[in-house]
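This briefing sets out selected structural features of the model shown below, grouped by topic. Please read each group alongside the sequence and the coordinates.

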Amino acid sequence: MEKKLGVFICWCGSNIASSVDVDKAAAEAAKLDGVVHAENYMYMCSDPGQQLVKDTITEKGLDGVVVACCSPRMHENTFRKAAGSVGLNSYLLEIANIREQCSWVHQNNKPLATAKAVSIIEGTLDKVKENLPLETITIDLTKRVCVVGGGIAGIMSALDLANAGYDVVIIEREPAIGGHMSQISQTFPYFHNVPELLKKKIDEVNAHPRIKVYVNSEVDVLDGYVGNFNVTIKTRPAFVDSAKCTACGKCLEVCPVKVDDEFNRGLSQRGAIFRYNQLETAKIPVLEQGDCLHFADSDSEDGGKCTACVDACPEDAIDLGTIRSLNEEFVGAIVMATGYDLYSPTNMPEYGAGKIPDVIDALAFERLLDPKGPTKGQVLRPSDGAVPKKVVFIQCVGSRDPERHKAYCSRACCMYTAKQARLYRQQVEEGTAYISYMDIRSDSKDFEEFVQKGMEEENLVYIRGRVAKVIEGDGCLQVFTSDTLSGRQVVIEADLVVLAMAMEPKAGIRELAKKMNVTIDGDAFLSETHIKLYPVESSTKGVYLAGCGQSPKDITDTVSQALATAGKIQTMFSNETLIADPLIAEVKDDVCSGCGICIEICPYGARLMNEFTRISDVNQAVCQGCGACIAACPNKACELINSTSRQFLRTIGDFASRSEAV
Amino acid sequence: MKTVISHSQVKSDFVEKVAEISGENFFNCYQCGNCSAGCPSVDEMDLLPSQVVRYLQLGLEDEVKNCKSMWVCAACMMCHARCPKGVDISKIMESLRVLKLREVNAEAHIDITDFSDDYLKRAPQIAMISGYRKFLPL
């Protein structure tokens, strides 16, 4: 039976009506095969416009509708909902885009624009004729969350979700949670004590009955799809039994190994067994297998022999025979809070980084400011332990340099440099702090006031110009720069140089992103779906983003984003099941030969071979209806529901038959 | 002294010509000053290399045409090596020199034997080298 079709042409004010003759288009549309109603209206998306569509569907008993208006991205949902409310299956309504694809691009030729609009409407009508009424697909939902990364972003989103009543698993690669925030001494713009703030949050996490933390762990494999992820977690052995250990510290004293402590950015040394950080929450020592002589090459002198820590432990808490473990967690949503690394200062040979001991990066300076850090909070220069009288802070190191380093702005450096310089000046009253900058980006609450206070009251000397080089001079460092405001070349003598290095995504993010099936941008930051409207959604449904893994940001923004992510997941969890669009691929069983090309080509992992029938199935929950398998199938066994090849060919045929008009 | 900046000036023939000859887009420059910080010849310059580029960005033709800096530039290309935006200032300096020489006339084409030893000792080498170049209409 032929469908009774209705056509509704929108003027979009003058957006469409000024270049498409809407009366003529309606008259032409009315003549088309199967059309029982055609009319136009000034704003079809307005309430009276939608009412018009609804009333006509009821009065004329329409069983197919084309709304000719703007892009379907704008109002497809609006009209499908309206049609659904009066009993017409939503999928029997289609949008003909006569604005973006017609009126806007043909503003100077009304007759041709009108003809093209009619063509588009005719093509869409032919599609509707073969559209099937569809029902949405329901997907099971596991209301548990996996948070990848236990920095402040991971901690805050985990706490929010756990407090909302959902079980959360945190996977942390390092031996303790806390992330880079645990290396920082105080915050801007209010000089909050970070160890205090952070300890409170870490204690909350550790005490929370709904949060389970896997330290020393990484995601090994991710299977499944939104609502039903299966995460395999690989855990490196800790070697120290936290139930037995009393944190007496005897093992730390006897370990014969001495290596640079990464946590202190090489400003101190540690053994192979060591305390990961200075926080109260990480008192239990950890053993780094890669540094330990017990695990060294058995050919070497010490290989396999050293058991100093085991022998020293009065509680018998160290077991060097521990092996790595694998665990599986079943979750409905994933938070990627993978964080950042500082771009290595060794990329800046012109600043002497790595060669001159008194050129350090900003995180190292944070360690100098920490009362529990390697210098007990005293700013002392690494080379001789003297108090530096002249400190040069260099901003934008590695950032904003598309030619050789990173093109982007690392966002937090302007502020933490001002903070570090002010803290230095507060500690060393007779000292001078110079800051080399290009622009000062202090664009958040109380940030500008914070920077200005440093200039006005704490005598920070801001010099506008990028530093060319740092060399070792006579008893001091010489910093060659320019002051573009006065037009001078400038040389500053310094005791200590602090580099505000660019932030870059955490090492290994490319492999992890591949595992998690999320896209990354050119700088390897995790990509959001839409920078304005979907800022915490990744390219894969059910995987969300928080913190510096998505782009460089400060603690304030990181926490905001982490809480936004937690909010998004709670919205998802407020339903008992998930609903998915039925506009996906389907397989004709009698045509599919089981060649498996579609499985290779599917970017979402939605196609899999049925072991029994040897036919390629479609996982309805995962398929996004992109059409890649349809194009790839050599037998034409796949079709996209309601966008079949037959429908497309008919639409193209409509355009071709009217080509003389267009 | 007030300086008027107009569209015609910013897009002037002179500025376009400098861009054409040098092949550089000086609007890439965001005035970080790294070129000026590392330039070994700044002591003798009246405008910093970054200022020369700034004047070109604003189309302040007279200041650029009459600056000493283009003759002091030794074309060591340290500025280009350091520039985070990849602007080759030595090319810009060279095109300024070329344009200046074209502006005089074809007779300015030099023959080194025309100059006294005394003059050759004083004359900037970079000007002598530029002086050997072909003359093309502006």
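**Structural briefing**

Chain B contains 10 helices and 0 strands. The model is a predicted one. Chain A, in turn, has 17 helices and 32 strands.

**Overall composition**

- Along chain B, starting at the N terminus, the order of elements is α-α-α-α-α-α-α-α-α-α.
- Chain B has 138 residues, of which 46% count as buried.
- Chain A has 662 residues, and 53% of them count as buried.
- Taken along the principal axes, the box filled by the C-alpha atoms of chain A is roughly 90 × 70 × 45 Å.

**Salt bridges**

- Over all chains, the count of salt bridges comes to 44.
- One of them joins the side chains of A:R210 and A:D167, with an N to O distance of 2.9 Å. This pair links distant parts of the chain, 43 residues apart: A:R210 belongs to the loop between helix 7 (194-207) and strand 8 (211-214) of chain A, and A:D167 to strand 7 (residues 167-171) of chain A.
- Both partners of that pair are partly exposed: A:R210 has a relative accessibility of 34%, and A:D167 has 27%.
- A further salt bridge is formed by A:K419 and A:E366, whose closest N and O atoms are 2.6 Å apart. A:K419 is part of helix 11 (residues 413-427) of chain A and A:E366 is part of helix 10 (residues 362-369) of chain A, so this pair ties together parts that are 53 residues apart in sequence.
- Are A:K419 and A:E366 buried or exposed? A:K419 is buried because its relative accessible area is 3%, under the 20% cut-off. A:E366 also counts as buried, at 3% relative accessibility.
- In chain B, the side chains of B:K11 and B:E16 meet in a salt bridge with an N to O distance of 3.9 Å. B:K11 counts as partly exposed at 46% relative accessibility, and B:E16 is partly exposed with a relative accessible area of 42%.
- Salt bridges with shared partners also join A:D33, A:D126, A:K129, A:E130, A:R646 and A:R650 into one network.

- Helix 13 (residues 509-516) of chain A has the buried residues A:I509, A:L512, A:A513 and A:M516.
- Viewed down the axis of helix 13 of chain A, the buried residues fall within an arc of 100°, so they line one face of the helix.
- The face of helix 13 of chain A that is turned away from the buried side carries A:E511 and A:K514, which are exposed.
- In general, an α-helix has 3.6 residues a turn, so residues three or four places apart point the same way.

**Surface patches**

- A:D241, A:E315, A:D316 and A:D319 form a negative surface patch.
- Within this group, A:D316 is located in the loop between helix 9 (308-312) and strand 15 (325-331) of chain A. A:D316 counts as exposed because its relative accessible area is 52%, over the 50% cut-off.
- A nonpolar surface patch of about 340 Å² consists of A:F648, A:L649 and A:I652.
- A:F648 is a residue of helix 17 (residues 645-657) of chain A. With a relative accessible area of 49%, A:F648 is partly exposed.

**Loop positions and spatial separations**

- A:T307 occupies the loop between strand 14 (286-287) and helix 9 of chain A, and counts as partly exposed at 28% relative accessibility.
- What is the separation of A:T307 and A:D319 in sequence and in space? They are 12 residues apart in sequence, with 9.9 Å from C-alpha to C-alpha. A:D319 is one of the residues of the negative surface patch.
- A:A468 is in the loop between strand 21 (461-464) and strand 22 (469-472) of chain A. A:A468 is buried, with a relative accessible area of 1%.
- From C-alpha to C-alpha, A:A468 and A:A17 are 59 Å apart in space, and in sequence they are 451 residues apart.

How values were computed. Residues numbered from 1 in each chain as written. Chains lettered and ligands numbered in written order. Predicted model: local features only at pLDDT ≥ 70, side-chain atom pairs only at ≥ 80, totals over all residues. Heavy atoms only, no water. Patch = residues over 30% accessible without salt bridge, like charges linked within 9 Å, V, L, I, M, F, W, Y side chains within 5 Å. Areas by Shrake-Rupley, 256 points an atom, 1.4 Å probe, with all protein chains shown as cover. Salt bridge = Lys/Arg side-chain N within 4 Å of Asp/Glu carboxyl O. Lys, Arg positive; Asp, Glu negative; His and termini not counted. Charge placed at Lys NZ, Arg CZ, Asp CG, Glu CD. Helix = DSSP H or I, 4+ residues; strand = E, 2+ residues; numbered from the N terminus. Buried < 20%, exposed > 50% of the residue type's maximum accessible area, 1.4 Å probe, protein only. Arc of directions from axis to C-beta.
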